[in-house]
Structure formats: C-alpha cells, structure tokens
Amino acid sequence: MTKTQPRNYWRDDRCAKAFWSQYEMPAYQQLLADTTEWMNPAPGGHWLDLGCGSGRLCRALWTKSGGQLAELVGLDVAAFNAKSFAKLRESLTPPPGDKLRFEAVDFSAGLPWDGENLFDGAVSGLAIQYAESYSEAEQRWTTDAYDQLLRDVHRVLKPGARFVFSMNVPEPSWGRVGWNAMRAFWSAKRKLRFLGKLYGMWSYGGWLKREARKGRFHYLPAETITAKLTAAGFTDVEHRLSFANQAFLFRATKR
C-alpha cells in the first residue's frame, strides 16, 4: 500500500508570507544576530543559503562582506519567495545585480549541483530540519533526506569552508517564542497586524511540531546533530542556544 503524501505547507504562498515578518520577533532577531556573528563571508566568496525564506541571512551576508561577494544563492521550496528576493536585490548597497539570485528548490531531494568544492560557505536558518523522506518499504518517515542533505552540503563546500545553521530543539515551545515576542508588541505601529502575524506563525508552528513527533521533521538533540555532522565529514563542530532557547545554532567546518 502506497502512502498518500501529506501536505507540505512550506510550498504554499500563505505559509511563506507568514514567515516573512518573523524578523520583527525578538527571538528571531537574537537568532539572526547570533548566526551573523558566526558567519565569515570574505570578499570574492561564493555563499549558499538553504531555506532562505525572505532573504534575511542573505542580507546579513551581503552586508557583512561589504557587498563584495562574488555569488550569493538562496534556495527555498516556496517559489513565492522570489518576490521577496526581487525587493531585496533593489534594497542592498552596493546593488548585487545577478550576484544575488533565488532558486526554487526542494532540498529534500538533495542539492541541484553535481560538482564539488563550489561554495566558500553555507548558512541556513531553521530550515534543513524540514528535509523529509518516507520509506514505503518500512512504512515510516526516516532521516535519509536530512542525512543526504548534510552530505550534499559537505560536498559542495570548499575545503576550510564553514557551515552555519540553526535547528529547533526537541519539543520546541512556540508559546515561549510567542511570549518572548510580546516585548515587541508594545512598540509595534500596527498592533492588530502584529498579533495576526504572530498567530499565523504560531499556527504553522503547531503543525510543524505535530509532524516532527511523527518523525517527518527533525527536532533533534544536539549530540545527535553533532554525530550526523561528523558522519557527513564535518569537523570542529560547535553549538549554542538561541531563539529564546528554542533553537541550537551550529557551526562546522569542511576539512
């Protein structure tokens, strides 16, 4: 019996747009700052952003490099995010032109390049944990797609390149993230709009947590993530807590 694949809301325009405004939330601002601190984009570098969303990490990479990256590629399963990248391209200084591009890619099927040693660094914000794979033979969700994605990232990175990414902790408390966000509520100009966005992210967060409990998505302990990175070939693995303590931030190096 073949399992009917459940809906993946990450592909939907509405879900993509709901997370465009997460940068307004204090927890996300903390995570963005922590991630940016660990990124090391050098002039002339080629960088990859996995699950780029509206491009906040791409903006941080471009800014931190002084606008001197040779290539910055954002991948996301939601094609709708191309609209955000069009606006992002117009707002950056100096203008990136075709150095910044968006590609609609479902990285559950791997990365779209066959070669090796292509990028000087890779980042990902709360995204690679959603690489999904289902085994018809075993009739269960597996970590195969997630494990393959780590191997693919290692393959396309150049020796010495760094992979900086975040993943939610096991059983993340979206309520804590939401409560943390209320600090920004009082300064929001459009408070009802702010609450609507917060509710949208909280609703999708409930779906993500339910699917993670089934094994479809991967909210893993830090030691498990470290072991998987090591198995994929990474070294110098470090991690810290961020996102109101609801996410691990990792960095690892390809040797």
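How many nonpolar, polar and charged residues are in the lining of the largest cavity? The lining has 4 nonpolar, 3 polar and no charged residues. Here Ala, Val, Leu, Ile, Met, Phe, Trp, Tyr, Cys and Pro count as nonpolar, Asp, Glu, Lys and Arg as charged, and the others, Gly among them, as polar. The tour returns to this cavity below.

**Before selecting anything**

This is a predicted model, in which local features need pLDDT of at least 70 and side-chain atom pairs count only at pLDDT 80 or more, while totals for chains, interfaces and linings use all residues. Residues are numbered from 1 along each chain as its sequence is written, and side-chain values use heavy atoms, with hydrogens and water left out.

**Whole chain**

Show the chain as a cartoon. Of the 255 residues, 55% count as buried. Buried means under 20% relative accessible area, exposed over 50%, and partly exposed in between, with a 1.4 Å probe and protein chains only.

Select residues 26-38, which form helix 2. Its 13 residues reach 19 Å from the first C-alpha to the last, close to the 18 Å expected at 1.5 Å a residue. The expected span is 1.5 Å times one less than the number of residues. The buried residues of helix 2 include Tyr-28, Leu-31 and Thr-35.

A cavity is a set of points, on a 1 Å grid over the protein atoms alone, where a 1.4 Å probe fits but cannot get out; lining residues have an atom within 4 Å of a point. Helix 2 gives the most to this lining, with 4 residues. The volume is about 50 Å³, where volume is the space filled by probe spheres set on grid points joined across faces, edges and corners.

**Helix 5**

Select residues 144-156, helix 5. Its end C-alpha atoms are 18 Å apart, which agrees with the span for 13 residues at 1.5 Å a residue. Helix 5 is mostly covered, as 10 of its 13 residues are buried. Among them are Tyr-146, Asp-152 and Arg-155.

**Arg-216**

Move to the loop between helix 7 (191-213) and helix 8 (222-232), where Arg-216 sits. Is Arg-216 buried or exposed? Arg-216 counts as buried because its relative accessible area is 1%. Beyond its neighbours within four places in sequence, Arg-216 is in contact (heavy atoms within 4.5 Å) with residues including Pro-6, Trp-141 and Trp-207.

Show the side chain of Arg-216: it makes a polar contact with the side chain of Glu-132 at 2.5 Å and reaches the backbone oxygen of Arg-7 at 3.2 Å. A polar contact is a pair of N or O atoms within 3.5 Å; within protein, one must be able to donate a hydrogen and the other to accept it, and residues adjacent in sequence count only if both atoms are side-chain atoms.

- Thr-93 and Pro-94 are joined by a cis peptide bond, with omega about -10 degrees.
- Leu-126 is not a glycine, yet has a positive phi of about 50 degrees.
- Ala-244, between strand 8 (234-242) and strand 9 (247-254), has a positive phi near 55 degrees.

Notes:
Helix = DSSP H or I, 4+ residues; strand = E, 2+ residues; numbered from the N terminus. 1 Å grid on protein atoms, 1.4 Å probe; cavity = no way out; pocket = protein on both sides within 12 Å on 5 of 7 lines; lining within 4 Å.
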